[in-house]
Amino acid sequence: MAIEKVRDYFRPLGIADRIREFDVSSATVELAAQALNCQPCRIAKTLSFIVEDRVILIVAAGDTKIHNSKYKAQFGAKAKMLTPDQAECLVGHKVGGVCPFGINPGVEVYLDESLKRFETVFPACGSGNSAIELTIPELEAYSGSRAWVDVCKGWED
């Protein structure tokens, strides 16, 4: 199970016990916000894309959408999301639990600027009923992100 991969990933970092599992689904931003009793914008959703032969993850605030022209300027291609089957196979997590932790080798992780307005956010932990609260510096360190990017819209309004 992917949540076990995430636990194994976090164990040497000393934070595996911070993973929260719910009796209800947290597979969407809205459901995660309900399960965590927080604002949807504080859910750190992880979106999975394919760019030529590269698999990339973009972790963004829950109230955002991809801004197509910003995405194309950043990655040199039109945004093409992975299918659920591709996400599970290429990333290592099913849709609803996709996160930047315990992922397959070679997957590139980027953090969107929309997250920087929060002290803490809640990314999933490999399953559709889990999350962990992380500070932005923790998210940056533990996600193995390559860079901060500005590819989302809808949060600056």
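I started with the largest pocket, which 22 residues line, and Ala27, Lys45, Thr46, Gly96 and Val98 are the ones nearest its centre. This is a predicted model, so I kept to its limits: local features need pLDDT of at least 70, side-chain atom pairs count only at pLDDT 80 or more, and totals for chains, interfaces and linings use all residues. Residues are numbered from 1 along each chain as its sequence is written, and side-chain values use heavy atoms, with hydrogens and water left out.

**Pocket.** I noted a volume of about 360 Å³ for the largest pocket. (A pocket here is an open set of points on a 1 Å grid over the protein atoms alone, where a 1.4 Å probe fits, with protein on both sides within 12 Å along at least five of seven lines; lining residues have an atom within 4 Å of a point. Points are joined across faces, edges and corners, and the volume is the space filled by probe spheres set on them.) Helix 2 (29-36), strand 2, strand 6 and strand 7 (130-131) each supply at least two lining residues. Strand 2 gives the most, with 6 residues. (Helices, H or I of at least four residues, and strands, E of at least two, are DSSP runs numbered from the N terminus.)

**Core.** Next I looked up the largest nonpolar core, which has 32 residues; Phe10, Phe101, Leu115, Ile132 and Leu139 touch the most other members. (Such a core is a set of buried Ala, Val, Leu, Ile, Met, Phe, Trp, Tyr and Cys residues joined through side-chain atoms within 4.5 Å; buried means under 20% relative accessible area, exposed over 50%, partly exposed in between, with a 1.4 Å probe and protein chains only.) Strand 3 gives the most to this core, with 4 residues. Apart from it I found another core of 15 residues, including Ile56, Ile66, Val149 and Trp155.

I then followed Phe10. Leaving aside neighbours within four places in sequence, Phe10 is in contact with Ile15, Ala16, Ile19, Phe101, Cys125, Ile132 and Tyr142. (Contact means heavy atoms within 4.5 Å.)

**Helix 1.** Phe10 is buried in helix 1, along with Ala2, Ile3, Val6 and Arg7. These cover an arc of only 150 degrees around the axis, which puts them on the same side of helix 1. (The arc is that of the directions from the helix axis to the C-beta atoms.) They pack against strand 1 (20-21), strand 7 and helix 5.

**Helix 5.** Here Ile136, Glu138, Leu139, Tyr142 and Ser143 are buried. Among the elements covering the buried residues are helix 1, strand 3 and strand 5.

The Glu138 side chain reaches the backbone nitrogen of Thr135 at 2.9 Å. (A polar contact is a pair of N or O atoms within 3.5 Å; within protein, one must be able to donate a hydrogen and the other to accept it, and residues adjacent in sequence count only if both atoms are side-chain atoms.) After helix 5 comes Gly144, with a positive phi near 65 degrees.

**Positive phi in loops.** I checked Asn37, where phi is near 55 degrees, a positive value in a residue other than glycine. Asn37 sits in the loop between helix 2 and strand 2 and counts as exposed at 73% relative accessibility. Glu52 also has a positive phi, near 55 degrees; Glu52 is in the loop between strand 2 and strand 3.
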